[in-house]
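My plan is to go through the model element by element and write down what I find.

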Amino acid sequence: MSDLRAKYLTAIAGAKDEAALEALRVQALGKKGEISLAMRELGRMSAEERQQAGPRLNALKDEINAALTARKQALTDAALDERLRGEWLDVTLPARPRRQGTIHPVSQVTEEVTAIFADMGFAVAEGPQIESDWYNFDALNIPGHHPARAEMDTFYTHRAEGDDRPPHVLRTHTSPVQIRAMQAQGAPLRVIAPGRVYRADYDQTHTPMFHQVEGLAIDRDISMANLKWVLEEFVKAFFEVDHVDLRFRASHFPFTEPSAEVDIRCSWDGGTLKVGEGDDWLEILGSGMVHPKVLEAGNIDPNEWQGFAFGMGIDRIAMLKYGIPDLRAFFESDLRWLRHYGFAALDVPTLHGGLSR
Ligand code: PHE
């Protein structure tokens with residue numbers, strides 16, 4: 001019996017894999033295995049012999065089982081060790097240097113504008129870029145025959161043949177968000193709505209897609225004086241100067257009454273655009289007191305509430321602040337341009353940290 005023990009324990013210790021272990025198990029403990037056969041012999045022994053051999057055989061069976069289990073665990077551990085060694089990574093190595101992306105000036109300026117108006121209590125509102133003609137025009141007091149529809153060089157979407165509903169438009173301004181914000185939040189209200197707008201126009205200061213930020217303040221007692229103060233505070237904070245020349249020109253928009261357009265003093269000397277000096281003016285926004293019909297379209301009672309609104313060109317003020325002469329370059333994705341005018345990813349504008357560095 002000690003022969004059997006030595007034979008199996010040695011073989012098990014040397015087994016190379018699970019298949020070899022299984023073969024040994026069958027050879028020793030399977031139905032016709034050596035140990036099983038020896039146990040069957042017990043029946044033919046005398047009671048005395050059996051009392052000796054029985055416990056020894058049982059013990060040997062347990063010992064072989066334990067050896068099989070232990071060897072199997074050892075093989076599994078070794079396989080895991082080897083895998084881990086193959087997948088080892090030196091996490092103390094320095095990171096691979098990567099080309100840095102930059103924040104586009106439009107994104108940067110949008111953040112700056114949002115920070116300034118947030119400080120004055122304006123929340124951010126949003127609306128879709130593909131808009132119904134009701135929100136983009138009718139609700140803003142621009143009926144179907146109104147010349148403003150043609151003036152805006154609107155992009156229309158297609159309707160299927162036989163579908164008579166009016167087509168959707170690519171919103172020509174952020175003003176439809178005024179209506180959506182009024183409907184969703186009611187009065188009083190103080191929101192800005194930055195976003196993309198679209199018009200079929202293309203030259204040094206116009207691109208078919210550009211960015212506006214809408215402003216809307218509604219309360220019981222709001223006047224043009226509030227509008228003027230808010231815009232002047234904004235412009236001083238944005239350009240980080242104590243004084244900027246603004247020109248309020250009487251104007252006309254169907255959705256405001258009275259209306260004013262605002263220009264900012266600038267110069268184009270030597271092809272660079274500078275704000276606050278020179279004899280040129282660049283129009284940066286349209287504004288006015290919200291028309292009663294527009295309040296009504298937003299489900300707000302014009303007898304109880306009034307407000308001001310403005311729509312400002314984000315790209316325009318970005319050009320002015322950062323001296324970028326041609327608007328078209330904003331959207332050409334030229335890497336040299338982006339590296340030159342882009343902002344570092346961690347350069348997040350805050351009022352306390354300084355808007356731009
Ligand atoms: N929506 C106008 C435009 O796109 C700007 C504007 C907004 C004017 C709000 C007055 C009030 O030109």
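Which residues does Phe234 touch, not counting residues up to four places away in sequence? I looked them up: Val113, Ile116, Phe117, Met120, Met312 and Ile317. I note here that I am working from a predicted model.

**Entry: the cores**

I went on from Phe234 to its surroundings. The largest nonpolar core has 43 residues, and Phe117, Phe234, Ile264 and Phe308 touch the most other members. I listed the elements that each supply at least two residues of this core: H5, E5, H9, E7, strand E9 (280–290), E10, H11 and H12. H9 gives the most, with 7 residues. I also found a second, separate core of 27 residues, which includes Leu140, Ala148, Met182 and Phe255. In soluble globular proteins, nonpolar side chains tend to be buried together.

**Entry: domains**

I checked how the chain is divided. Domain 1 covers 2–86 and domain 2 covers 105–344. Their C-alpha centres lie 85 Å apart.

**Entry: helix H4**

I took H4 next, residues 47–86. This helix has 40 residues and reaches 59 Å from its first C-alpha to its last, close to the 58 Å expected. I looked for a bend and found one of about 25° at Ala53. A proline, Pro55, follows within four residues. The buried residues of H4 are Ala53, Gly54, Leu57, Leu60, Ile64, Ala67, Leu68 and Leu75. What covers them includes helix H1 (2–14), helix H2 (18–29) and helix H3 (34–41). An α-helix has 3.6 residues a turn, so residues three or four places apart point the same way.

**Entry: helix H5**

H5 runs over residues 105–119, with 15 residues. I read its reach, first C-alpha to last, as 21 Å, close to the 21 Å expected. Its buried residues include Val109, Val113, Ile116 and Phe117. Just after H5, Gly121 takes a positive phi of about 90°.

I looked up Val213, which is found in strand E5. Is Val213 buried or exposed? Val213 is buried, because its relative accessible area is 0%. Leaving aside neighbours within four places in sequence, its contacts include Val113, Ile192, Phe310 and Met312. Val213 and Asp315 are 102 residues apart in sequence but 10.0 Å apart in space, C-alpha to C-alpha.

His211 is found in strand E5 too. At 9% relative accessibility, His211 counts as buried. I noted that His211 touches Asp315, and its other partners include Val106, Arg196, Met312 and Phe331.

**Entry: Asp263**

Asp263 has its place in strand E7 (residues 256–267). I read 2% relative accessibility, so Asp263 counts as buried. With which side chain does the side chain of Asp263 make a polar contact? I found Arg249, at 2.7 Å. Beyond neighbours within four places in sequence, Asp263 is also in contact with residues including Asp245, Arg247, Trp281 and Glu283.

**Entry: Leu327**

Leu327 is found in the loop between helix H11 (314–322) and helix H12 (335–341). Leu327 counts as buried because its relative accessibility is 3%. Setting aside neighbours within four places in sequence, I listed its contacts as Gln204, Thr205, His206, Thr207, Asp315 and Met319.

Most residues other than glycine have a negative phi, and most peptide bonds are trans. I searched for exceptions. A cis peptide bond joins Ala187 and Pro188, with omega about -5°. Pro188 is found in the loop between helix H8 (176–185) and E4. Another cis peptide bond joins Glu257 and Pro258, where omega is about -5°. Pro258 has its place in strand E7.

Then I turned to phi. Asn141 is not a glycine, yet its phi is positive, about 65°. Asn141 is found in the loop between helix H6 (133–136) and helix H7 (147–151), and at 18% relative accessibility it counts as buried. Asn299 has a positive phi near 60°. Asn299 is found in the loop between helix H10 (292–297) and E10. Asn299 is exposed, with a relative accessible area of 63%.

Note on methods: Residues numbered from 1 in each chain as written. Predicted model: local features only at pLDDT ≥ 70, side-chain atom pairs only at ≥ 80, totals over all residues. Heavy atoms only, no water. Domains from an automatic or database assignment. Buried < 20%, exposed > 50% of the residue type's maximum accessible area, 1.4 Å probe, protein only. Contact = heavy atoms within 4.5 Å. Polar contact = N/O pair within 3.5 Å; in protein donor to acceptor, adjacent residues only side chain to side chain. Expected span 1.5 Å × (residues − 1). Bend = angle between axes of the 7 residues up to and from the residue. Core = buried A, V, L, I, M, F, W, Y, C linked by side-chain atoms within 4.5 Å.
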